[in-house]
Structures are given as structure tokens and as C-alpha cells.
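Subject: Handing over a structure

Hi there,

I am passing a structure on to you, and I hope you enjoy looking through it. Please open it first; my notes on what turned up follow below.

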Amino acid sequence: MKRYLKAATVAVAAVSLASVAACGGTGGSSDDPNTVTLYSADGLADWYTPQFKAFEAKTGIKVNYVEGGSGEVVSRADKEKSNPQMDVLVTLPPFIQQADKKGVIGETTPAGVDKLPATAKAANGHYVSLANNYFTMIRGTAVDPKPESWNDLLDPRFKQRLQYSTPGQAGDGTALLLLVQHVFGEQQGLDFLAELQANNVGPSASTGKLGPKVSTGELSVANSDVQMALAAIANDKMAYETFAPKGPDGKRTTLALPYFMGKAANAPHADNAQKLIDFLMSVDAQKSLATDAFGISARTDVNATGPNVDAITKALAGVDVWSPDWTDVNNRFDALVDAYNKATGQ
């Protein structure tokens, strides 16, 4: 999980999955025909808040917002299939592919879909890229010397000073597993993570909870993603910086990790869902991604500029971007997670 919605002053019902489960409510769909329910992986709250407000002003439709980890929101929607509550889903890969395979999402064709490259939309028309994003590691600004490579993280000085979110549960944690295996090789990557356990504090379902720990010095290093990390540095004055660790060959590599969006297969408010999807994918909304949330639009006709774009460019400078075959990842998902758990003793 990333960050919880901070602004409660707009007409948006923001609910974390943990608190929903605790109180026994649904936190989802309303009987009011002028509502739409969005389940989303956390991290885009700073952008959602003004967009939901503008959407309601334009359409009269209120957004019920349910936020959780990438895997959590898919699991919740899947459990509710017999009594659907969700209208729109936003989550990271491979969880969007998982949702598609489970029949959670159906077809949607947003206005302007022709402005999206093939890599930003599913071949079956079930989801599109809401915002491009990339995996990163973060290190405290006071850490000296600064770790520069994956192997640097094995240094005993990081014992109980390093933590990453759990693969199979968090999108960023799953990305870490895939990236390490891409950089080292599949088995060698598992061997590296097994060795890294000597320094790892332990499992964490929340990527967003790790950033503040790095900022205060409780941790020295953690995983994150470029969008979330840069937003926290700018807006919350977090005392850490992003870095892409060098692999054994000296190259820095990251993994493309877009927020994907799809309409629920049996959306209770299907028309409202399509209106929200069209609104969030519109040129005006997509132009604000960089300024409001350090996100990058996948639309070819949106060319954002400004200091936030410069910060993203700097974070990715000299870094190779790898895009996995997410369909293959989804097909092997259970085996990948099982192999990770076996290697690390989780």
C-alpha cells in the first residue's frame, strides 16, 4: 500500500480496506444513482482529490473512493462478484491482469483511446494506463556512504536497517522481485534475496509505510516507486532520495509500473463508471498528473512540462526501463511468489 488520502474537505468518501473490514461495512457502492465507486491502489490521492471534485461539479456524480494495496483491491472486488460494489478499478500490474483473468473487469473504451500506444492498453480492451510510473529504491539523505548497487545492500551495516514491501501482496514489492530476477537471473535473483534477508526487517504489506521510516532514520533503505517517492519528497518533505541500484554489470535498470484502470464487469453504475473513466483519461485531467502527483500520462497528445517533469526525468536519467510481459507474469504469479517464499523463508 502507498499513502492514504489526506484531504477530507472534498465530497469524496475515502475508505481504507483495513478500516472497512474492521467496521463490517462495505465501503463500496451506494444505492444513490448519482454515485460511482472507485477501488484504487494507493498513491494517486493528491491527483484524485481535485479530479473527483471537478467530476462531481461537472456531472453531479459523487465518487465513493476505496483505497488499498494493489492486491487487496483486486481480492476485495473478486470476493464481491456475487454482489458487486465496485464500478471502476485502478491497480498496478500484474494485479490488473489478475483481475481480468478472474473476470472482475470487463470491456471499456475510453474517449481518446486512439491516443494511447499499444503498450498502454489491453489487447482485449479491458484496461488502459491511467498514469505511467516506475519502480525505484529510496535511501535516507543522511546515509553515508550511499548504497549504489544491489550488492551494496548486502553490507552488514544495513542489518535491520532495510525493508521492502512483500512480493505477491504489494505492487511495488512484486516489482522488486521481478526486477531483481531480471537483473541477476531467475535463480540468482532468489539467491540474492535470500542473502538479503540478513538485513531485511521483515514483511510489509505497505510500501507507503516504509518511506516515513527512511525519512526519520529508522530505516536506511526501502523500496518505492518514482511517482510516490517524488510526491512525498515534494509535498511531505521526506528526507530521502530515489536511486536505481546498479546490477552486477554496472547498469542501472528499473521496471515500468503503470497504474492501469478498467471498468467492473458488472458495475452497479456502469454509465457513471464510463463517465468517470472518460473524465480521468481526458486531456485536461491527464495534463494535471505531473503537476499534482508526479505521474506521467501515457497519452501521446499530452506533453507535460515543468519542475515535476524535470524531477522525474532526473530520477530516470541513465536508467534502462524494462517492461515485463505481464501476461506471462500473471500466468506464473503463484509459482513466482511460492519460489520467493521458499527462498526467503517467508
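A residue is called buried here when its relative accessible area is under 20%. Please also keep in mind that this is a predicted model.

Let me start with strand 8, which covers residues 221–225. The strand is mostly covered, with five of its five residues buried.

Which strands pair with strand 8? One is strand 6 (residues 135–140), which is antiparallel to strand 8 and linked to it over five bridges. Within that pairing, Phe135 has Asp225 of strand 8 as its bridge partner. Another is strand 7 (residues 162–163), which runs parallel to strand 8 and is joined to it by two bridges. There, Gln163 has Ala222 as its bridge partner in strand 8.

The structure has four cavities of 30 Å³ or more, and the largest cavity has a volume of about 90 Å³. Its lining is made up of Ala77, Glu80, Lys81, Pro84, Gln85, Met86, Val104, Ala264, Ala265 and Asn266. By type, the lining residues of the largest cavity are six nonpolar, two polar and two charged.

Note on methods: Residues are numbered from 1 along each chain as its sequence is written. This is a predicted model: local features need pLDDT of at least 70, side-chain atom pairs count only at pLDDT 80 or more; totals for chains, interfaces and linings use all residues. Side-chain values use heavy atoms; hydrogens and water are left out. On a 1 Å grid over the protein atoms alone, a cavity is a set of points where a 1.4 Å probe fits but cannot get out, and a pocket is an open set with protein on both sides within 12 Å along at least five of seven lines; lining residues have an atom within 4 Å of a point. Grid points are joined across faces, edges and corners, and a volume is the space filled by probe spheres set on the points. Ala, Val, Leu, Ile, Met, Phe, Trp, Tyr, Cys and Pro count as nonpolar, Asp, Glu, Lys and Arg as charged, and the others, Gly among them, as polar. Buried means under 20% relative accessible area, exposed over 50%, partly exposed in between (1.4 Å probe, protein chains only). Helices (H or I, at least four residues) and strands (E, at least two) are DSSP runs, numbered from the N terminus. Two strands pair if DSSP finds at least two bridges between them.
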